[in-house]
Amino acid sequence: MNNTKTIVAASLLSADFAELGRDCKRAAEAGCDWLHFDIMDGLFVPSISFGGPVLKTVGRIAELPIDVHMMVTEPVRYLERYAALGAAGITVHVEACEDVSATLKAIHAQGIRAGISLKPATPAEAIFPNLDDVDMVLVMTVEPGFGGQAFMPDMLPKIRAIRAALDERGLDTDIEVDGGINGETAHLVREAGANVLVSGSYLFAAEDMSAAVASLK
Ligand code: DX5
Ligand code: ZN
């Protein structure tokens, strides 16, 4: 494990949208480090979640950095807008961009963090050409599109391969995991080399969110 400090990102997809402000505050008070904001376009993934207008609200009230995960075809169309609305970082999918390198450059041009993500079926090698251009790699540990799915243990070798490739290049880049992360799966992904843990249903369904966050760290 390279990075000793674990960052916990609460996925707002599992928040109560009628109480979004309260849930952003709850996540901060429970010890989460980031808010994870899942944007889905109904094309790259089957679901449609939320976009700019909701990000504007969260950007206004959030006490934590907003980690935007774009499950959107050609996300380059929205980067400027989402950065202006308060994204601290934007992660795009390697499968969703015609020009990955230009998209990552366009994120950095907004003065925010850039991340690259890959679906479960996409091999680690697909993002190796981009390792020098990102602050974070997001390994999907479920099929993107829905919260509450079971963690895919066969993604662990992929996390290890990406951490090894980063080490080889002398890079201390963050590795984020997303999908099915709970008190049981957290240690598996951390041991494999992930240091940013997204969690939605586990955190928001917990009776004691602080204890749930502590169990991920
Ligand atoms: C799924 C999203 C996730 C989702 C994770 O496509 O990217 O961020 O909210 O939810 P859990 O933690 O419930 O698996
Ligand atoms: Zn996500």
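The lining of the largest pocket divides into 10 nonpolar, 13 polar and three charged residues; Ala, Val, Leu, Ile, Met, Phe, Trp, Tyr, Cys and Pro count as nonpolar, Asp, Glu, Lys and Arg as charged, and the others, Gly among them, as polar. This is a predicted model, in which local features need pLDDT of at least 70, side-chain atom pairs count only at pLDDT 80 or more, and totals for chains, interfaces and linings use all residues. Residues are numbered from 1 along each chain as its sequence is written, chains are lettered from A and ligands numbered from 1 in the order in which they are written, and side-chain values use heavy atoms, with hydrogens and water left out.

Turn now to the zinc ion (ligand 2). H36 (NE2), D38 (OD), H69 (ND1) and D178 (OD) coordinate the zinc ion (ligand 2) at 2.0 to 2.3 Å; donors are N, O and S atoms within 2.8 Å of the metal (3.2 Å for Na, K and Ca), and water is not among the atoms, so sites may look incomplete. Along the chain, the donors of the zinc ion (ligand 2) have the spacing H-x1-D-x30-H-x108-D. Because D38 lies in strand β2 and D178 in strand β7 (residues 174–178), the pair ties together parts that are 140 residues apart in sequence. Strands (E, at least two residues) and helices (H or I, at least four) are DSSP runs, numbered from the N terminus.

D38 is buried, with a relative accessible area of 3%, and D178 counts as buried at 9%. S101, in helix α4 (residues 100–108), is partly exposed at 26% relative accessibility. Buried means under 20% relative accessible area, exposed over 50%, and partly exposed in between (1.4 Å probe, protein chains only).
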